[in-house]
Amino acid sequence: MLLLIRHFEQACLELFTAGKISGTIHVCLGQEQVPVALRTLLLPGDFVFGNHRSHGHFLARGGDPAGLLAELMGREGGVCAGVGGSQHLYGDRFLSTGVQGEGIAVALGVARHLARHDPGRLACVYVGDGTWGEGIVYESLNIARLWRLPLLVVVENNGIAQSTATSAQMAGSVERRAHAFDVAYHGADTTDVNLLRAVLTPLLAEVRAGAGPLVVEAFTTRLGPHSKGDDSRSPEDRRAAAALDWLPAYADHFPDQVRRIDDAQRELVAGLVEDVAARPEATWAP
């Protein structure tokens with residue numbers, strides 16, 4: 001799954017450059033391990049809410065790669081008939097939006113519903129470090145803690161909000177902001193999927209049991225641009241980000257396995273591109 005997302009996102013950038021994807025596109029290169037780690041911890045009855053950078057969230061949730069690519073390319077078979085595009089995806093208990101902070105408010109409402117009508121299920125919402133500049137985050141955390149709602153807030157902190165370093169736009173920290181609302185917090189500074197799962201398993205069990213919301217801050221890196229090709233970082237910063245990529249470490253530890261799986265996923269994505277590009281353009285009627 002890590003390598004499927006990696007090759008899918010790389011293909012998306014190539015397709016955009018070739019003029020085969022319209023609008024805008026935000027890829028999650030370097031952040032794939034976060035949704036993949038949560039993949040086996042989130043139950044079918046849970047709800048997952050993404051953001052503007054949610055291809056990996058969608059695929060890790062079990063979304064159809066061909067349907068997603070068709071959506072991005074505006075071709076027949078798109079998961080939202082070609083009208084949602086990259087940022088606005090809808091699937092089985094999955095919803096993404098490009099509006100910063102909107103997802104957490106919707107997830108809050110769903111968590112309220114689950115607490116009353118489907119106990120043991122949770123609402124998971126992915127946000128970035130830049131989203132903590134939105135007031136709706138704090139309103140949502142306040143209500144979630146007061147009502148002890150099963151809300152899981154996953155912060156993918158890649159150290160930069162579009163083109164502004166987190167250190168230049170955030171006073172304090174996510175941890176202290178969560179604690180200000182008496183919300184449980186866990187910081188995860190690892191790219192090891194198995195380690196992430198082992199640490200998060202008991203924490204999610206507490207959320208499901210009624211302990212209230214949980215903020216998980218995953219310290220990660222954004223290998224690619226903010227969107228398309230608009231990477232405003234210096235060459236030194238880009239090299240520092242590349243040094244934190246999970247893939248070389250995996251390849252060093254499991255060279256044969258990574259090589260075999262990498263080749264298979266590369267071929268799979270190439271086949272998807274060929275198939276979807278040959279489809280007619282999507283049509284939609286209200």
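D182 counts as exposed, because its relative accessibility is 54% (exposed, over 50%; buried, under 20%; partly exposed, in between; 1.4 Å probe, protein chains only). The model is predicted, so local features need pLDDT of at least 70, side-chain atom pairs count only at pLDDT 80 or more, and totals for chains, interfaces and linings use all residues. Residues are numbered from 1 along each chain as its sequence is written, and side-chain values use heavy atoms, with hydrogens and water left out.

Mean pLDDT (the predictor's confidence in each residue, from 0 to 100) is 93 for the chain, and 99% of residues reach 70 or more. Helices (H or I, at least four residues) and strands (E, at least two) are DSSP runs, numbered from the N terminus.

The count of salt bridges is 8 (a side-chain nitrogen of Lys or Arg within 4 Å of a carboxyl oxygen of Asp or Glu). D182 pairs with R145, with 3.2 Å between the closest N and O atoms. R145 belongs to helix α6 (residues 135-146) and D182 to the loop between α8 (174-180) and β8 (184-188), so the bridge ties together parts 37 residues apart in sequence.

D46 and R208 form another salt bridge, at 2.6 Å from N to O. This pair links distant parts of the chain, 162 residues apart: D46 sits in the loop between α2 (33-38) and β1, R208 in helix α9. Both D46 and R208 are buried.

A further bridge joins R266 to D262, at 2.8 Å between the closest N and O atoms. Both residues lie in helix α12, 4 residues apart, about one turn of the helix. R266 is partly exposed, at 45% relative accessibility. D262 is buried, at 14%.

The largest pocket has a volume of about 510 Å³ (the space filled by probe spheres set on grid points joined across faces, edges and corners). A pocket is an open set of points on a 1 Å grid over the protein atoms alone, where a 1.4 Å probe fits, with protein on both sides within 12 Å along at least five of seven lines; lining residues have an atom within 4 Å of a point. The lining comprises 19 residues, with L2, V193, Y250, F254 and Q257 nearest the centre. Helix α11 gives the largest share, 5 residues.
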